[in-house]
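This briefing covers a few local features of one chain, grouped by topic.

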Amino acid sequence: MYKRVIQALVFFLLVFLSYNQFSNPYSIENINTISDIQHTMKEKDPLYSELVIKKTAYKIPPQNAVIDKVWKKIPGLNGRVVDVEKSYQKMKKDGVFNKNLLVFNEVKPSITLKDLPPAPIYRGNPNKKMVALMVNVSWGTEYIPEILNILKEHKVKATFFIDGKWAKNNAKYVEMISEQGHAIGNHAYNHPDMARLSEQEINEQIKLTNDTIEAIIGEEPTFFAPPSGSFTEQVVKVVSDYKMQTILWSVDTIDWKNPSVSVMMNRVLSKLHPGATILMHPTEAIVRGLDGLIVAIKKDGYHMGTVKKLLSENRIN
């Protein structure tokens, strides 16, 4: 009843101002006056006042990217603040505060991964309940289609780190992976031990693979996964010179040992954590266990996406 009375008073007041007090109801002065009246009435609404008071309780400050002693580079995370105006518009119909209808704006951190010096990345932000599947590819093609079908069925996007030589010999599979929306990263050209290479050889491995992948899908990779996880500070520095990040993993399926589904799932789920990067390969073990693994990860409340999304500062809605 109170709400209807207020709306009626506002309506008659606007009509009065438009036709009796101003010679031109569409003048800038008139429009500004009407806007001021509407704003004043809104501020007197108990719901609006409640939103202004409670917005502080829902505020989360942004987190800067840092270099951790153990995990090395860790990405930051956007903060969030209540958008009072948009939240009010969603709630005013019922006239009561509803936290489920709150609208938030994200606040970016002042320091991002790009602002930090070169260092490897093992995981995403620990406060972002998301994981990324990393599929390192340097041999074979027989299991690729089945893995893609499983990912498609579950609407999960993974990141495939591909050898340049494998990409050159299997361009159709590279196209297939890209066309299905998965990300493609650099895994060196012919699976060398990167820690044993000279600076020139490191450059050759990175550039040749980037050029090969770009020729197939039209874009260069932005992430590099060193074969067998072998790297040095020089490797990370060279990768950084190409405006790329060096990616390792925090959870390993060890699928190349051909474990049973239960062993592999226990191995992963027992070490699962927010921001996890999960290493796997196109193997029979992954084909047998990937479906159940995805179901179990999602059941634990984790979102799944590419390495790029995992490392972004964007919050999970």
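**Packing of H5 against H7**

In this predicted model, Ile144, Pro145 and Leu148 of helix H5 are in contact with Tyr173, Met176 and Ile177 of helix H7. The residues of this contact are six nonpolar, with no polar and no charged ones.

- H5 spans residues 144-153 and H7 spans residues 171-179.
- The axes of H5 and H7 come within 11 Å and cross at roughly 5°.
- Angles under 35 degrees count as roughly parallel, and H5 and H7 are therefore roughly parallel to each other.

**The two sides of H10**

- Helix H10 covers residues 261-269, and Met264, Met265 and Val268 in H10 are buried.
- Seen down the axis of H10, the buried residues fall within an arc of 95°, so they line one face of the helix.
- Ser262 and Asn266, on the other side of H10, are exposed.
- The cover over the buried residues of H10 includes strand E10 (251-252), strand E11 (277-280) and helix H11 (284-299).

- Strand E5 (residues 130-137) pairs with E6 in the parallel sense, over four bridges.
- Phe161 in E6 is the bridge partner of Asn136.

Terms used:
Residues numbered from 1 in each chain as written. Predicted model: local features only at pLDDT ≥ 70, side-chain atom pairs only at ≥ 80, totals over all residues. Heavy atoms only, no water. Axes fitted to C-alpha atoms, helices over the stretch in contact; angles between N-to-C directions. Parallel < 35°, antiparallel > 145°, perpendicular 65-115°, else oblique. Contact = heavy atoms within 4.5 Å. Nonpolar A, V, L, I, M, F, W, Y, C, P; charged D, E, K, R; others polar. Buried < 20%, exposed > 50% of the residue type's maximum accessible area, 1.4 Å probe, protein only. Arc of directions from axis to C-beta. Pairing = 2+ DSSP bridges.
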